[in-house]
Amino acid sequence: MFPLRVPILALLVSLTVGQYYDYDYQPYAQQSASSPNCAQECECPINFPTAMYCDSRKLKFVPIVPSGIKYLYLQNNLITEIKAGVFDNVTEDLRWLVLDQNQITSDKVAKGSIDKLTGLQKFFFSHNNLTEAIIPPSKSLDELKMTNNQLSKFHKASLSGMKNLTSVHLQHNKLTSESLNGVFKGLNSVLFIEVTNNKLKKLPSGMPSSLETFYADHNDISSISAGDLKELPKLAYLRLAYNKLTDAGISAGVFNVTNLVELDLSYNKLKSIPEINEQLEHLYLQVNQINKFDLGSICKFSGPLNYSRLKHLRLDGNNITHADLPSDSANCLRQATDIVFE
């Protein structure tokens with residue numbers, strides 16, 4: 001039996017449908033006995049002897065991890081530092097490390113600790129006080145989550161060679177576009193990146209060509225250049241809500257890409273509907289300054305085989321009403337089931 005918890009598994013499934021999500025860790029049911037190969041501060045269930053549960057125990061330190069442990073849960077404690085040597089028994093074997101909800105700062109992560117973990121697959125280090133990204137040197141890493149910290153530094157080479165990395169979660173930090181430029185370059189297994197609630201002014205350069213989902217809501221993005229999406233042929237879900245986008249900051253046709261399914265530009269400063277591809281299914285433009293409905297931005301021309309695949313279009317919170325919908329829009333928007341003006 002695999003010692004994963006259902007909410008975490010559900011997270012992975014959600015990546016393919018572009019949904020908002022979060023996860024939490026449910027307390028493991030107390031066992032009548034614990035494996036003898038376990039730190040005394042923690043619990044290693046007899047039926048899952050490779051998992052060590054040290055979560056929610058008011059720990060102020062990371063206990064020395066015994067050999068044989070593959071899944072280590074340390075979330076929701078009072079840990080302020082990670083000392084050298086605590087992972088020496090599991091440098092190649094540890095697969096999961098969860099450090100969420102602690103009080104760890106970057107300068108208190110000692111050399112000879114996380115930097116020795118070469119077999120990690122999942123690394124969760126959210127809700128701490130990190131200012132610089134701490135990355136294990138594992139080529140097996142497939143999921144990185146370092147949200148709700150104070151991150152402003154991310155070394156370009158820190159993810160180099162991680163060919164198995166598929167999802168990166170960095171929301172609620174202080175990262176800038178410059179601090180992320182080139183960080184994801186060459187990581188052609190990455191499908192999902194979230195950087196909402198940071199300090200980006202534009203999309204970082206060197207984004208992976210494999211990327212399918214990119215969330216960058218609540219930043220300071222004011223422009224999207226013509227080449228930003230050309231290097232992302234598989235991008236299907238793009239969210240840029242709550243930024244500073246204007247018509248002048250959006251290059252002509254930048255969103256007219258065939259693979260895009262969902263585009264969220266709500267809560268910006270747009271005055272017109274940007275040009276989109278006819279394959280787009282969900283377009284969110286609520287709470288902008290749009291004052292006209294330009295059907296040509298959605299359909300260049302309409303015909304039996306030429307029409308928009310839009311299903312959902314939100315225009316509420318703008319300066320147009322249903323009366324502004326062009327009379328000849330029925331053919332272009334034949335698949336739309338939900339057009340919201342107010």
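In this predicted model, Lys153 touches Thr131, Glu132, Ala133 and Leu175, residues up to four places away in sequence not being counted. Lys153 belongs to the loop that runs between β5 (143-145) and β6 (167-169).

**Lys153**
- One of the residues in contact with Lys153 is Ala133.
- Lys153 and Lys60 are 93 residues apart along the chain, and their C-alpha atoms are separated by 26 Å.

**Asn77**
- Asn77 counts as buried because its relative accessible area is 5%, which falls under the 20% limit.
- A polar atom of the Asn77 side chain lies 3.0 Å from the backbone oxygen of Leu74.
- The backbone oxygen of Gln75 is also reached by the side chain of Asn77, at 3.4 Å.
- Beyond its neighbours within four places in sequence, Asn77 is in contact with Cys54, Asp55, Ser56, Arg57, Lys58 and Leu59, as well as with Gln101 and Asn102.

**Second largest pocket**
- The volume of the second largest pocket is about 230 Å³.
- The lining of the second largest pocket consists of seven nonpolar, three polar and three charged residues.

Notes
Residues are numbered from 1 along each chain as its sequence is written. This is a predicted model: local features need pLDDT of at least 70, side-chain atom pairs count only at pLDDT 80 or more; totals for chains, interfaces and linings use all residues. Side-chain values use heavy atoms; hydrogens and water are left out. On a 1 Å grid over the protein atoms alone, a cavity is a set of points where a 1.4 Å probe fits but cannot get out, and a pocket is an open set with protein on both sides within 12 Å along at least five of seven lines; lining residues have an atom within 4 Å of a point. Grid points are joined across faces, edges and corners, and a volume is the space filled by probe spheres set on the points. Ala, Val, Leu, Ile, Met, Phe, Trp, Tyr, Cys and Pro count as nonpolar, Asp, Glu, Lys and Arg as charged, and the others, Gly among them, as polar. Helices (H or I, at least four residues) and strands (E, at least two) are DSSP runs, numbered from the N terminus. Contact means heavy atoms within 4.5 Å. Buried means under 20% relative accessible area, exposed over 50%, partly exposed in between (1.4 Å probe, protein chains only). A polar contact is a pair of N or O atoms within 3.5 Å; within protein, one must be able to donate a hydrogen and the other to accept it, and residues adjacent in sequence count only if both atoms are side-chain atoms.
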